[in-house]
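Please keep the sequence and the 3D view open while reading.

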Amino acid sequence: MRRPAPLLLALSAPLAFAAAVASCSPRTAPAAEVTQAASATAAPSAPPDPAASGPSAAPAASAAPAASAAPADASAAPADTSAAPAAGAAPDPAAPADAGPLPKVKVANIGMHIGGGPHDDFTKEPIKRSVAPHFDEFRRCFALAEDPTKGGDFGIDLRIERDGGKAEVRKPRTALKGKAFTQCVVGVFERIDFLKPRKGPTVVSYSLRFTP
């Protein structure tokens with residue numbers, strides 16, 4: 001048999017040894033990959049930045065504009081004039097004023113004549129009771145007389161229906177001057193609700209005396 005040449009044996013021996021070692025040793029990861037994996041597992045997660053969650057991080061659009069929060073101008077609201085009296089409106093002379101003290105004048109009934117009779121107190125009583133509660137209104141009317149220092153009488157005719165109620169007022173007469181005074185007294189008589197007369201429809205001549 002022919003022997004191999006000594007030179008070939010010398011060259012092939014190291015190669016065979018290296019191949020045998022490589023096939024028996026486990027494969028190891030490159031150093032660079034090991035370093036990256038270790039740093040990824042060991043590094044803690046970074047805490048959130050407190051500055052990023054503060055008030056300055058809120059979007060500008062969420063804040064209401066200052067102009068929209070301002071209250072409406074009160075001067076733009078229309079003024080309520082429903083309670084204001086009409087300019088230049090004159091008071092009704094037929095209605096006595098309720099405000100202020102009563103004039104210093106005495107009012108009394110000085111006569112009551114029942115048309116066709118009888119003239120007894122029983123027949124006059126419902127008429128007297130109907131007029132008496134309004135004497136203070138007659139006193140207020142006296143403030144409208146032209147000369148409130150001078151007294152006088154006031155007469156008027158009243159027709160009262162069978163069931164009473166508002167009377168028909170006729171023929172006011174007085175020596176006291178003042179158209180507003182006369183209208184006021186007539187207006188008081190027109191507003192009186194008379195009690196039912198004793199003898200059906202009744203005509204009464206009624207007289208008042210004003211004494212300052």
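F181 and F210 are both buried, where buried means under 20% relative accessible area, exposed over 50% and partly exposed in between (1.4 Å probe, protein chains only). The model is predicted: local features need pLDDT of at least 70, side-chain atom pairs count only at pLDDT 80 or more, and totals for chains, interfaces and linings use all residues. Residues are numbered from 1 along each chain as its sequence is written, and side-chain values use heavy atoms, with hydrogens and water left out.

**Overall fold**

The protein chain has six helices and four strands. These elements are DSSP runs numbered from the N terminus: helices are H or I with at least four residues, strands are E with at least two. Their order from the N terminus is α-α-α-β-α-α-β-β-α-β. Of the 212 residues in the protein chain, 23% are buried. The chain exposes about 15000 Å², and carbon and sulfur atoms supply 61% of that area. Accessible areas come from the Shrake-Rupley method with a 1.4 Å probe; for residues, only the protein chains shown count as cover. Among contacts with a separation of 6 or more, 81% join residues 24 or more positions apart. Contact means heavy atoms within 4.5 Å.

**The sheet**

Strands of a sheet pair through backbone hydrogen bonds, either parallel or antiparallel. Here four strands form an open sheet in the order β1-β4-β2-β3, with antiparallel pairing. Two strands pair if DSSP finds at least two bridges between them. β1 (106-114) and β3 (168-174) stand at the edges; each has a single partner strand, so one side of each lacks a neighbour in the sheet. Neighbouring strands are turned by 20 degrees against each other on average, direction ignored. β1 and β4 pair over eight bridges in the antiparallel sense. G111 has S207 in β4 as its bridge partner. Helix α4 (residues 121-131) packs on the sheet and touches β1, β2 (152-160) and β4; its direction makes about 150 degrees with that of β1. Axes are lines fitted to C-alpha atoms, for helices over the stretch in contact, and angles run from 0 to 180 degrees between N-to-C directions.

**Aromatic pairs**

How many aromatic pairs does a search of the whole structure find? The search finds seven. Rings of Phe, Tyr and Trp (its six-membered ring) pair if their centres lie within 6.5 Å; planes under 30 degrees apart count as stacked, over 60 as edge-to-face and the rest as tilted. Two of the pairs are set out below.

| Pair | Centre to centre | Angle between planes | Type |
|---|---|---|---|
| F138 and F189 | 4.9 Å | 40 degrees | tilted |
| F181 and F210 | 5.3 Å | 75 degrees | edge-to-face |

F138 lies in helix α5 (residues 135-142) and F189 in helix α6 (residues 179-191), so their pair ties together parts 51 residues apart in sequence. F138 is buried at 0% relative accessibility. F189 is buried too, with a relative accessible area of 1%. F181 in helix α6 and F210 in strand β4 (residues 202-211) are 29 residues apart, and their pair links distant parts of the chain. F135, F138, F189 and Y206 form one aromatic cluster.

**Two further sites**

R198 lies over the face of F122, at 4.1 Å from the ring centre. A charge sits over a ring if NZ of Lys or CZ of Arg is within 6 Å of the ring centre and within 35 degrees of the ring normal. L144 is found in the loop between α5 and β2. L144 is partly exposed, with a relative accessible area of 36%. The C-alpha atoms of L144 and F181 are separated by 4.8 Å, although the two residues are 37 residues apart along the chain.
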